[in-house]
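Me: Could you walk me through this structure? I'll ask as we go along.

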Amino acid sequence: NPARQQAYQTMQRNANMLLQLVNQLLDIRKIDNNQMHLQFRETEILSLLDSLMEFFVPIAESKRIQFEYKHLGLDRLNVWVDPGYFNKIIVNLLSNAFKYTPNDGRVVLRVALDPLQQDGQGHVLITVSDNGIGIAPEERELIFDRFYRGQNAEGTKIQGSGIGLSLTRSLVEMHHGTIELQTSTEAPTG
């Protein structure tokens, strides 16, 4: 019965969303209590990102979003990360990009060596850009606060808890990185 199949798929999707939310809350609790310990290992992230990208292809197709993955002149890139938590960072960023990008929009995942770093450490710059609903300038720092949802998001039917970007910032910092929001006029091109 197709109607029953559809109902089962909806229940499965909702159960997965609830599980993801619970896991994010547990991760935040671990971070708050200094109980989260990352297991860094040298990881070839271009292929890791390529496999994560495949997860978003059906979403891109269903919304007719042009989805690009650019690794500007890089064939391999070994970086010390905790692969599981690195995945969560990228999934949260891409999930938000797809969530807030309208049909026929564009999402780009870009990886490059950061030319602005002068300390010789070989920093990596990972950028997720989109042409979604945007974020007001006065909300740029607030967007990373726990449970905060931007004013543009509240006026839509898009669901969210305001946990993802807060968790993402914490995980990025635990990877000794930084995360910031840039408007389209500040975003890297290419």
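**Working through the model**

Reply: A place to begin is Phe56, which is found in helix H2, where helices (H or I, at least four residues) and strands (E, at least two) are DSSP runs numbered from the N terminus. This is a predicted model, in which local features need pLDDT of at least 70 and side-chain atom pairs count only at pLDDT 80 or more, while totals for chains, interfaces and linings use all residues. Residues are numbered from 1 along each chain as its sequence is written, and side-chain values use heavy atoms, with hydrogens and water left out.

Me: Is Phe56 buried or exposed?

Reply: Phe56 counts as buried because its relative accessibility is 1%; buried means under 20% relative accessible area, exposed over 50%, and partly exposed in between, with a 1.4 Å probe and protein chains only.

Me: And what is Phe56 in contact with?

Reply: Leaving aside neighbours within four places in sequence, Phe56 is in contact with Phe67, Val91, Leu94, Ser95 and Phe98, contact meaning heavy atoms within 4.5 Å. The C-alpha atoms of Phe56 and Phe67 are separated by 8.5 Å, and these two residues are 11 residues apart along the chain.

Me: Zooming out, how many helices and strands are there?

Reply: The protein has 5 helices and 5 strands, and their pattern along the sequence reads α-β-α-β-β-α-β-β-α-α. Of its 190 residues, 36% are buried, and among contacts with a separation of 6 or more, 71% are between residues 24 or more positions apart.

Me: Which residues does Ile31 touch?

Reply: Ile31, found in helix H1, is in contact with Met36, Leu167, Ser170, Leu171 and Met174 once neighbours within four places in sequence are left aside. Ile31 and Leu167 are 136 residues apart in sequence, yet 8.8 Å apart in space, C-alpha to C-alpha. Ile31 counts as buried because its relative accessible area is 18%.

Me: At what angle do H3 and H5 pack?

Reply: H3 and helix H5 (residues 164-174) pack at an angle of about 145°, with their axes 9 Å apart; axes are lines fitted to C-alpha atoms, for helices over the stretch in contact, and angles run from 0 to 180 degrees between N-to-C directions. The contact is made by Tyr85, Lys88, Ile89, Asn92, Leu93 and Asn96 of H3, together with Gly164, Leu165, Leu167, Thr168, Leu171 and Val172 of H5.

Me: Last topic: where is Arg64, and what is its phi?

Reply: Arg64 is found in the loop between helix H2 (45-63) and strand S2 (66-70), and has a positive phi of about 55° although it is not a glycine. Most residues other than glycine have a negative phi. His176, in the segment after H5, also has a positive phi, of about 65°, without being a glycine.
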